[in-house]
Amino acid sequence: MKNKLIQKVICMSFFAFMLMSCNHGENKYHSVTDKIEEESKHYHGTSISSERFLEDIKTIEITEGEHKFLIPERKSQIKSYACTECHTKPLDQFQSKDGKKAHWDIKLNHANENTMNCVTCHNGNDMDNLKSLTGNQIDFNLSYNVCNQCHTKQFEDWKGGAHGKKIGGWAPPRASMTCVNCHNPHEPHFESRWPARFNTQKVIERE
């Protein structure tokens, strides 16, 4: 009799607990995930926008996998584009008479000479476009597709928003800088720098 009474009390307590834990009407959920899913049904977006930060930047929309966002348009920003304004012949026929190199101010410091040279990325027969390692055409506006052939981890992080600089923060519409907006494609490495420090000695001397 005693055991049956104990079992009955346990069952009633468990039933009462289940009723309390499932009472969604009072905003009580099984988990944080359940709460987010339930309350997000009534979410209609945010009134915050990045548009005012993009007014002076010409952008294009790209789609990479499940990610759709804006990037700066590049070709109109390249001083000597289109390349065929000067490159009227294929690269192997285009030689300087006085022995001077056309792009004398560009130093390639990206990978060793056995791995990379100018024609690794530039198409000698179609100078208005870049090219992939397999010879496929890549538009200058989408130059990140050249970078992602080797830098796959950084590319995946960039698509998801974990690598690179945002334009206007996280508020929609999402707009991100591309590889070449931060890195010099011919010399992408950033030099190491000491962090800026407050010079207490100078302050003491001034006193």
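**Reading the aromatic pairs**

A search of the whole structure finds 5 aromatic pairs.

Modeller: A word on the source: this is a predicted model, where local features need pLDDT of at least 70, side-chain atom pairs count only at pLDDT 80 or more, and totals for chains, interfaces and linings use all residues. Residues are numbered from 1 along each chain as its sequence is written, and side-chain values use heavy atoms, with hydrogens and water left out.

Biologist: How are the rings of Phe 69 and Trp 158 arranged, and why?

Modeller: Rings of Phe, Tyr and Trp (its six-membered ring) pair if their centres lie within 6.5 Å; planes under 30 degrees apart are stacked, over 60 edge-to-face, and the rest tilted. Here the centres of Phe 69 and Trp 158 are 5.2 Å apart and the planes stand at 75 degrees, so this pair is edge-to-face. Phe 69 sits in strand β2 (residues 67–72) and Trp 158 in helix α5 (residues 152–160), 89 residues apart, so the pair links distant parts of the chain.

Biologist: Is Phe 69 buried or exposed?

Modeller: Buried means under 20% relative accessible area, exposed over 50%, partly exposed in between (1.4 Å probe, protein chains only). Phe 69 is buried at 2%, and Trp 158 is buried at 4%.

Biologist: What about the rings of Tyr 144 and Phe 155?

Modeller: Their centres are 6.1 Å apart with planes at 15 degrees, so Tyr 144 and Phe 155 are stacked. Tyr 144 is buried at 2%, as is Phe 155 at 12%.

Biologist: Which residues form one aromatic cluster?

Modeller: Phe 69, Tyr 144, Phe 155 and Trp 158 do.

How values were computed. Helix = DSSP H or I, 4+ residues; strand = E, 2+ residues; numbered from the N terminus.
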